[in-house]
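Have the structure open as you read.

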Amino acid sequence: MRPLTVFSLPAVLLGGAVLGQVLGHGVAATAERTYSYTGEMAEVLSVIETRHVSPPPPKDLLYAAIRGMTDALDPHSNFLTPDLYRDMQERQEGSFYGIGIVISRRANRLTVISPIEGTPAHRMGLHAGDVIAAIEGRPTDDMSMGEAVNLLRGPKGTTVNISVERAGVEGMLEFALTREEIPASGVAARFMLSKDIGYVRIRDFNKATGSEVADALEELKTQGMKKVLLDLRDNPGGLLQQAVEVAELFLDRGQEVVHTKGRIYGSTEEFQARRDSPVAGMPLVVLVNRSSASAAEIVAGAVQDHDRGLVVGERTWGKGLVQSVYGLRDGSGLALTTARYYTPSGRLIQRDYEDVDEYFQKDWDSDEPYSPDPERERRTDQGRVVYGGGGIGPDVEVRSPRVENRFLIALHQGALFFRFAASRANTHPEAFTKDTLSVDDEILLQFRRFAVEEGVEAEEGEWSEHGGYIARQLLEQLAAAYFGGEAARLEAAARHDPQVQEAIRQFPNAEALLLGKELQLAKKDTDDGA
């Protein structure tokens, strides 16, 4: 059987993929039936090449034609150039060769979000908040993220030179970093939320995610975990087999995780849990949101359909298509939808994509209520009603906070919380321990001065009115800057995250579900946005 992949959006397509076989005899036989159409394509390419006033390279024309073909199929069939295909292979393997930093554009500058512990960037002293001004002498002002990533990655043992601007330091800092293998973990964080609740956040589903989650559960059990909070929010998906491996950590041996249906050999199959759960008997709550997709939805759907745990948060993306990935002769790749997947109750959760623009630009903040299709009604093992056709609906709905205030939006747009925290960690590295981290009036005053210097304007009373929100954002970013990036930020955020807090409150219902008792669910629609 050819390995299968479940993707979400094209923007995150490279989050995980299985390298498929190069197109072989079966595809060649099919191509024979479409010979006349390929002849027409060759003729068009020839006319353009010989007569257009400024013809592009033939390969550019061919790639554009292939993209046009995949666009006519479905939103998740995609053509991958050699660079993108290579990047996809690295990500699905769970590692790549680079210097070990997470980067993003903050205030339109190429900024280090965090160095990865134990990597060249970490050892050489790169800091969160450092601005990468140039790579190999090339200014990064107009450089795309893709270009920057390609320049920073490269063969093992080679060197890349970067120029860095650091707050509070005059002049440019120059670094020569030797590339090494960088592990890309599927687990973003693991920690104890309380004396008996263990928290695991899955970033995506790459080749190592199943074993990483298993390790995280074992580690948390040694710390006293008796209840599990599995966070799948903002998880774009990845490998189908890894979704199965994660789901079977929670299900009983022999229970169905998912089944697929397609046309090609091996694409119709049922996947079952093949081992005993290491957390059997522990109440389980799964957190999802509108950006939880594909493989994340497989896990949430299996947990919900078997009444293994409660799903809390928002309705998920609604992506029920499976891709096989074919390597092409020139090093490019074709991610082709070859099957649909169904949850154990028989739900197809794929949203309608007749209008592709609407499919990708859906107004997720709309207050319009979800209207399920009665014909897609299914039942869980205990008889609870669930629906297909539009993602995984949560058992308890809790909306993400929305920031709609102009003043707060300006603080986020300028990445001021992040930049202030990074600068403070650089200038006062011994200011906090995990036990003493807090945001007092003095820090709030310093941040206010910083924001005013950056040109942020506020109406009368806005600083005091939104002081609580500002303090929470600062606490998260200070935790990340002082204690290790995203995992530390998530641990700090859990203290006030409304979805996490509601998940904690739902553990009695999750325990009742395990025992087959009637639930007392008070569905909520929480919106704590400032």
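Strand β15 (residues 256-262) is largely enclosed by the rest of the structure, because five of its seven residues are buried (under 20% relative accessible area with a 1.4 Å probe, protein chains only). Please keep in mind that this is a predicted model, where local features need pLDDT of at least 70, side-chain atom pairs count only at pLDDT 80 or more, and totals for chains, interfaces and linings use all residues. Residues are numbered from 1 along each chain as its sequence is written, and side-chain values use heavy atoms, leaving out hydrogens and water.

**Strand β15 and its partners**
- Strands here are DSSP runs of E with at least two residues, helices are runs of H or I with at least four, and both are numbered from the N terminus.
- Strands pair if DSSP finds at least two bridges between them.
- β15 pairs with strand β16 (residues 269-272) in the antiparallel sense, over four bridges.
- Within this pairing, His259 has Glu270 of β16 as its bridge partner.
- Six residues lie between the strands of the β15 and β16 hairpin, where Gly266 takes a positive phi near 90°.
- Strand β20 (residues 333-342) also pairs with β15 in the antiparallel sense over four bridges, and Arg340 in β20 is the bridge partner of Lys261.

**Helices α12 and α15**
- Helix α12 (residues 416-427) packs against helix α15 (residues 467-483) at an angle of about 45°, and their axes are 8 Å apart (axes are lines fitted to C-alpha atoms over the stretch in contact, with angles from 0 to 180 degrees between N-to-C directions).

Methods. Buried < 20%, exposed > 50% of the residue type's maximum accessible area, 1.4 Å probe, protein only.
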